[in-house]
Structures are given as structure tokens and as C-alpha cells.
Amino acid sequence: MAAITAAMVGELRAKTDAPMMECKKALTEASGDMDKAEEILRVKLGGKASKAASRVTAEGVVAAYIAGGVGALVEVNCETDFVTKNDAFLALANDCAKLVAEKNPADVAALSALPLGDSTVDATRAALIGLIGENMSIRRFTRFDTTAKLVSYLHGTRIGVMVEFDGADDQVGKDVAMHIAAMKPVSLSADQVPAELIEKERSVATLKAAESGKPADIAAKMIDGSVQKFLKEVSLLNQTFVKNDKQTVEQMLKATNSSVKSFTMFVVGEGIEKKQDDFAAEVAAMTAAAKQA
């Protein structure tokens, strides 16, 4: 059997970015054949990716990319916050944002099939899963293509905002993007708030009005008042501007001769049901299993 030297292990690691011990094992199995060892690693790392595929990815990052009037916002998920600090994972997210802007894929499947380096986006993702040992997924993206201005704001890596706006002062767009990240409006204006959200708020207001014991006409006004208040709180233009509580966002925009055409906000993991670990139950299960063994 060929001697496996540190130089050989280092060369294979440089080629694959796999852990040192995995490289040594692959070289040993391949009797020192570098190409065969590389293939063995691909198979092993692919196996790790398959095992991880069923695990929930509720952590992750949002990445943004803007070039001219084209921009993209992408959410890429992983299992734990630890991975969000990994340079390779961050690079994947940033590469995806750039590809969305430049290639305009129809959906996540189309994005995953796009070339990335010497491979594809999906193959790169799978290789990272094998290296890090956590499931990863590209959850969603949005793309802007406009003659207006674009600005993005990332609050850390967990909240990402992109705003399409008109106006001479670029700072206005940046201020609006930061406001959105802080106040999390669901729509640009009150008439764009989704009907299901309005109905949910009306249902809650109706229950509160019924509990108050007020006459029907007063109860009806209470319900309408609650709904109108809700619409102002969740629509961007009606919200109180975070940098000046004497103005709404709409008033600030008018004062600066600016307007917001649209926006998108991604919050990492929003709407994903996270696994709740029950440590006590886990220990009990392990103890029971040990007794049966």
C-alpha cells in the first residue's frame, strides 16, 4: 500500500475542502490515487448530504445584490446559527443573490440548476452539507428590474429589505429600508394589506366588542375602529416614521419629493416551524433504551 503523506492529504484538502481526516481516509482507501480519493470523498459527502436532507432549516441568512436597476434578495437556510458565520455558506448566499439578478431564474429549482464555478448551485450546496454536516436549503428569492432606484438594507444577516423608489436623495431610500426592517410593514398602503389578515383582525375585534357588552351600533364602530387602526399600523405609508415621530412615512416622502414604488422584506425562518427539543424526554428515552440493551 502506498504511503499516505501529509503533502498528499494537504493537496486533496486543497482540492475538495474536506476535513483532514476524511481526506486521509479517502487516500488510504484509494491506495494513494488522488483522483480516486477525490471521487470517494464526493460519494461520502453526498451520503452525508442525503442524511441531512430531512432536517428542518429554520436558521440562515438573507443576501442582497444590486447592479444598476436590477437587484435580488435571497434567503438561504441552515439548521443552526453557528453555520451562518461560515464563510463558504455566506459565499453561497451571496452567489445566489448575484445569479438571481443576472440570470433571472423562474424559481428556486431553476436557480439551483444554474452553473456556479465548476459545478452548479445545487451541487455546491450539497457539497457544503457534506463538509459541514448540516442541512441547507435555498428557501426563496425576489428580483427587481426597474428604471427607478434600488436600495437594500441588511440588519445583520437575519433581516433583509430591498426598496424600489424615486427621489433625488438616496438617503431617503436607505432610511425607508431601515424603517421597514424595524417596523415590519406587510404592505405599501392600506388597500394592499392581504384580505386574510384584515379578516383575522376583524374577527378578533368582533370578539372583543361582544365581550364589552356595548350596544350593536357602538360595537360595530369599535370593530371598524380596530380594523382601521390595524391597517395604519401594518401599511408602510401610514406608519409613523422611525426617525421622526411627528411624521408618517408618506408625509416624509412628500416632504422630500420622493415615492416608494415597492419593497420586499425577508426575515430568516419566518413561518418555518422549528423543532422544539425536549431534553428531559430525550434523556428518559436514552435511559430506557440503555436498560433494554
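**Cores and a buried glutamate in a predicted model**

Author: In this predicted model, the largest nonpolar core has 25 residues, of which Val74, Phe89, Cys96, Leu111, Val121, Met136 and Ile138 touch the most other members. Two or more residues come from each of strand E1 (59-67), strand E2 (70-78), helix H4 (87-103), helix H6 (121-132) and strand E5 (136-145). H4 gives the most, with eight residues.

Reader: What makes Cys96 count as buried?

Author: Buried means under 20% relative accessible area. Cys96 has 0% relative accessibility, so Cys96 counts as buried.

Reader: Which residues does Ile138 touch, not counting those up to four places away in sequence?

Author: Ile138 touches Val74, Glu75, Val76, Cys96, Val108, Leu111, Ser112 and Val121. A second, separate core of 21 residues includes Val151, Ile159, Val163 and Val176.

Reader: Why is Glu164 called buried?

Author: The cut-off for buried is under 20%. Glu164 has 12% relative accessibility, and therefore counts as buried. Glu164 lies in strand E7 (residues 159-166).

Reader: What makes the pair Glu164 and Thr146 a polar contact?

Author: The limit for such a pair of N or O atoms is 3.5 Å. The side chains of Glu164 and Thr146 are joined at 2.6 Å, so the distance falls within that limit.

Reader: Which residues is Glu164 in contact with, leaving aside neighbours within four places in sequence?

Author: Among them are Phe144, Ala148, Leu150 and Val260. The C-alpha atoms of Glu164 and Val260 are separated by 6.1 Å, although these residues are 96 residues apart along the chain.

Technical notes:
Residues are numbered from 1 along each chain as its sequence is written. This is a predicted model: local features need pLDDT of at least 70, side-chain atom pairs count only at pLDDT 80 or more; totals for chains, interfaces and linings use all residues. Side-chain values use heavy atoms; hydrogens and water are left out. A nonpolar core is a set of buried Ala, Val, Leu, Ile, Met, Phe, Trp, Tyr and Cys residues joined through side-chain atoms within 4.5 Å. Buried means under 20% relative accessible area, exposed over 50%, partly exposed in between (1.4 Å probe, protein chains only). Helices (H or I, at least four residues) and strands (E, at least two) are DSSP runs, numbered from the N terminus. Contact means heavy atoms within 4.5 Å. A polar contact is a pair of N or O atoms within 3.5 Å; within protein, one must be able to donate a hydrogen and the other to accept it, and residues adjacent in sequence count only if both atoms are side-chain atoms.
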